[in-house]
Amino acid sequence: MKNIAVFASGTGSNAKKIIEYFKNSLLARVALIVCNKPGAGVLEIASNYKVPTLIIEKERFFHDDAYVPQLLEKQISFIVLAGFLWKIPSKLIAAYPEKIINIHPALLPKYGGKGMYGSKVHEAVIAAGELESGISIHFVNEVYDEGRIIFQVSCPVTKEDTPETLAARVHELEHAHFPRIIEELLSESNEFNPA
Ligand code: GRF
């Protein structure tokens with residue numbers, strides 16, 4: 001059984017889908033929700049599903065051990081970022097090589113990078129007159145949104161779209177594909193011993 005940690009700081013709708021998807025799985029389970037925002041919606045979801053949580057602080061995350069010992073202690077072997085906005089420090093990347101993935105609500109490499117999150121992404125897509133947007137699931141490296149792309153799927157952008165309607169369409173794609181892609185990655189990967 002592999003232990004997944006989901007890092008999320010927002011409402012956590014993706015975290016919820018992932019928890020539910022793996023609830024009866026023999027392959028993996030969500031063993032920890034990591035959050036940097038006390039009061040975030042995702043914490044209520046974690047408590048509803050009885051998933052342990054870890055609230056992290058900036059200083060320790062960026063300038064100390066990056067919480068690696070805690071993750072190892074909980075035998076976390078895979079990290080999923082779902083609405084987590086802090087940059088991942090190199091200590092954590094080094095401890096989990098190719099074992100950290102992120103979901104981005106647009107078709108990377110367009111509309112990614114620092115500051116491109118939430119409705120800002122959808123506003124930019126609409127302002128540019130794009131005919132399609134979508135989701136990108138990618139490995140996390142030390143540059144925002146630039147790790148190797150694992151999966152993308154697109155959806156149309158209509159003339160009537162507002163950032164809210166486009167966000168809703170993109171969210172649906174995320175919920176439909178993210179848990180399944182995580183499962184595929186986990187079943188491909190061999191037994192993993194974090195450094
Ligand atoms: C998603 O749109 C994801 O692409 C982005 O943050 C959002 C998180 O949404 N990285 P939720 O908290 O899972 O509802």
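With which side chain does the side chain of serine 9 make a polar contact? In this predicted model, the partner is the side chain of asparagine 36, and the computed distance is 2.4 Å. Serine 9 itself is found in the loop between β1 (2-7) and α1 (13-21). With a relative accessible area of 9%, serine 9 falls under the 20% cut-off and is therefore buried. When its neighbours within four places in sequence are left aside, the residues in contact with serine 9 are Cys35, Asn36, Lys37, Ala40, Gly83, Phe84 and Leu85.

The protein as a whole has seven helices and seven strands, and these elements run, from the N terminus on, in the order β-α-β-α-β-α-α-β-α-β-α-β-β-α. The radius of gyration is 16 Å, close to the 16 Å that the globule rule gives for 195 residues, so the protein is as compact as a globular protein of that length. Taken along the principal axes, the box filled by the C-alpha atoms is roughly 50 × 35 × 35 Å. Of the 195 residues, 49% count as buried, while the protein exposes about 9,900 Å², of which carbon and sulfur atoms supply 52%. Among contacts between residues at least 6 apart in sequence, 67% join residues that are at least 24 apart.

Helix α6, which spans residues 119-127, has Val121, His122, Ala124 and Val125 as its buried residues. Seen down the axis of α6, these buried residues fall within an arc of 160°, and they therefore line one face of the helix. The elements against which the buried residues of α6 pack are β5 (100-104), β6 (132-139) and α7 (163-188). Just after α6, glycine 129 takes a positive phi of about 70°.

Key: Residues are numbered from 1 along each chain as its sequence is written. This is a predicted model: local features need pLDDT of at least 70, side-chain atom pairs count only at pLDDT 80 or more; totals for chains, interfaces and linings use all residues. Side-chain values use heavy atoms; hydrogens and water are left out. Buried means under 20% relative accessible area, exposed over 50%, partly exposed in between (1.4 Å probe, protein chains only). Helices (H or I, at least four residues) and strands (E, at least two) are DSSP runs, numbered from the N terminus. The arc is that of the directions from the helix axis to the C-beta atoms. Contact means heavy atoms within 4.5 Å. The radius of gyration is taken over C-alpha atoms; the globule rule is 2.2 Å times the number of residues to the power 0.38. Accessible areas come from the Shrake-Rupley method with a 1.4 Å probe; for residues, only the protein chains shown count as cover. A polar contact is a pair of N or O atoms within 3.5 Å; within protein, one must be able to donate a hydrogen and the other to accept it, and residues adjacent in sequence count only if both atoms are side-chain atoms.
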